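This report describes a structure for a reader who is new to it. Please look at the sequence and the 3D view before reading on.

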Amino acid sequence: MQESHNFKALLTEMEQYIEDYIIDRGLAYYEQGLVKDVQIKEPWVHATVPGNYGNYKVKIHLTDFSKSQCNCPYDDYYDDYCKHMAAVVYYAVRTCAGQPDDGELAGVSRTGAAHVVGADDTGTIIQQSNQQPEKILLKRLKNMENDDLLATITRLIEIKPDIQETLRLILNERERTADLHSDRVSRMELYSSLAYHQKRFPAVLKECEFLFTEIDPADEDNYRYRYRYNDYDDTTMWDFTEGLEILNRYGQELLQMVTAEHFISGTVGLLVTMRALAEWSVKYSEEYSDNELEESCLEFKSYLSEALGRVRNYQINDTVAQTFLLELIDWIILQCNTIDDLPAWTSILNYCIPELRYFQHLKEWITRLDKNFLRSTHLHDEWVRQALASWWVDLCLSFDQ
């Protein structure tokens, strides 16, 4: 790719179209390496970015960002620019600049790594490359002995007592991650995994809530947040970014646990998390009058789909995976007190039925719940009946039943 584009202008222009909290999520996507299949056909950058409902096709125009496109539901529904676009912009900016993955292009970094000092006759940006201050600090910390490091942290707490809570959250997250990847947890079976994750996940939500920040509407720097709210006078505005980062890191850790060797605990953890988030996101969306929480919680549907997709592949040759899917079907149906509760589980059940024998096992359990479930007198809502009928017909046809 030519280095003749004004990269600072590209990022600045993007910030005029995309809100800060979405840009931050796009940057996280880029840093996780989620920008794939990049093709450069100037002035366009074409790429694929995974999302909640599949892989999205993104087109970024290098000289007129307003022409950029993404085929994700957010872009279609809100007629707006999305995090997938932001991720590709960061890829384009840093690739064009010839920076390493952890570097920042001068003038466009959100952390200010270096600064632009001019341009040559061709318009190529000339930058003065400085080592990032945080990297120098990290290097010094790594070279310290344990006692010196502890003394430094103690002194920091003395100077800034309010940092204690932040340190506590960091330590909790590190300990939680280590515990998740321990042999004790990774080798758990279905019911022990359920008990473990149901007991521990509420602490993750509390940490997320602690980091929700109320925004001062009088602060001119928060104009993007004011734009997100319809009622400028009565609605309290919140920044959920830091709290949701903890939540998404937790989901990614659970997904990493789903391997061919040990897959039950990670999959169950994602199932428990997704079910808990369904109630949590509604509660806070109503309280804060914002859809960002709900959108972020939907990410866990894609995490769980990926996990169950892996288990479907494992079950071809793995009897443990086969037994796990059958037990999971049993457990899901047991969560349904009446047939009215079944629609909440149908999308998950679809991933648990890779072959005819799983379908027959599901049919047996559903008829135990309600023998004539599509004609059940317990179903008072016809919309629910129609949704169940549509799901069941599709499932039957997929197995020639």
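How many cavities of 30 Å³ or more does the structure hold? The structure, which is a predicted model, holds two.

## The largest cavity

The largest cavity contains about 60 Å³ of space. Its lining is made up of Met274, Lys301, Leu304, Ser305, Leu308, Ser347, Ile348 and Tyr351. Two elements give two or more residues each to this lining, helix H13 (292-314) and helix H15 (346-351). The greatest contribution is that of H13, with four residues.

By class, the lining of the largest cavity has five nonpolar residues, two polar ones and one charged. In general, empty space among atoms is found by rolling a probe the size of a water molecule over them.

## The second largest cavity

The second largest cavity holds about 30 Å³ of space. The residues lining this cavity are Thr267, Val268, Leu271, Leu304, Leu308, Phe324, Leu328 and Ile348. Helix H12 (264-288), H13 and helix H14 (319-334) each supply two or more of them. H12 has the largest share, with three residues.

Seven residues of this lining are nonpolar and one is polar, while none is charged.

## Helices H6 and H7

Helix H6 spans residues 146-159 and helix H7 spans residues 163-180. The two pack at an angle of about 135°, and their axes lie 8 Å apart. Because of that angle, H6 is oblique to H7.

On the H6 side, the contact is made by Ile153, Leu156 and Ile157. On the H7 side, Ile163, Gln164 and Leu167 take part. The contact of H6 with H7 has five nonpolar residues and one polar residue, with no charged ones.

## Helices H7 and H9

H7 also packs with helix H9, which covers residues 190-210. How far apart do the axes of H7 and H9 come, and at what angle do they cross? The axes come within 12 Å and cross at roughly 155°. An angle over 145 degrees counts as roughly antiparallel, and H7 and H9 are therefore roughly antiparallel to each other. The crossing of H7 past H9 is left-handed.

H7 brings Glu165, Leu169, Asn172, Arg176, Asp179 and Leu180 to this contact. H9 brings Tyr196, His197, Arg200, Val204, Glu207 and Phe210. Sorted by class, the residues of the contact of H7 with H9 are five nonpolar, two polar and five charged. The contact of H6 with H7, by comparison, has no charged residues.

Most residues other than glycine have a negative phi, and most peptide bonds are trans. Which residue has a positive phi although it is not a glycine? Asp37 does, with a phi of about 50°. Asp37 is placed in strand E1.

The peptide bond from Glu42 to Pro43 is cis, and its omega is near 10°. Pro43 sits in the loop between strand E1 (36-41) and strand E2 (44-51).

Notes
Residues numbered from 1 in each chain as written. Predicted model: local features only at pLDDT ≥ 70, side-chain atom pairs only at ≥ 80, totals over all residues. Heavy atoms only, no water. Axes fitted to C-alpha atoms, helices over the stretch in contact; angles between N-to-C directions. Parallel < 35°, antiparallel > 145°, perpendicular 65-115°, else oblique. Contact = heavy atoms within 4.5 Å. Nonpolar A, V, L, I, M, F, W, Y, C, P; charged D, E, K, R; others polar. Left-handed = near helix turned anticlockwise from the far one by under 90°. 1 Å grid on protein atoms, 1.4 Å probe; cavity = no way out; pocket = protein on both sides within 12 Å on 5 of 7 lines; lining within 4 Å. Points joined across faces, edges and corners; volume = space filled by probe spheres on them.
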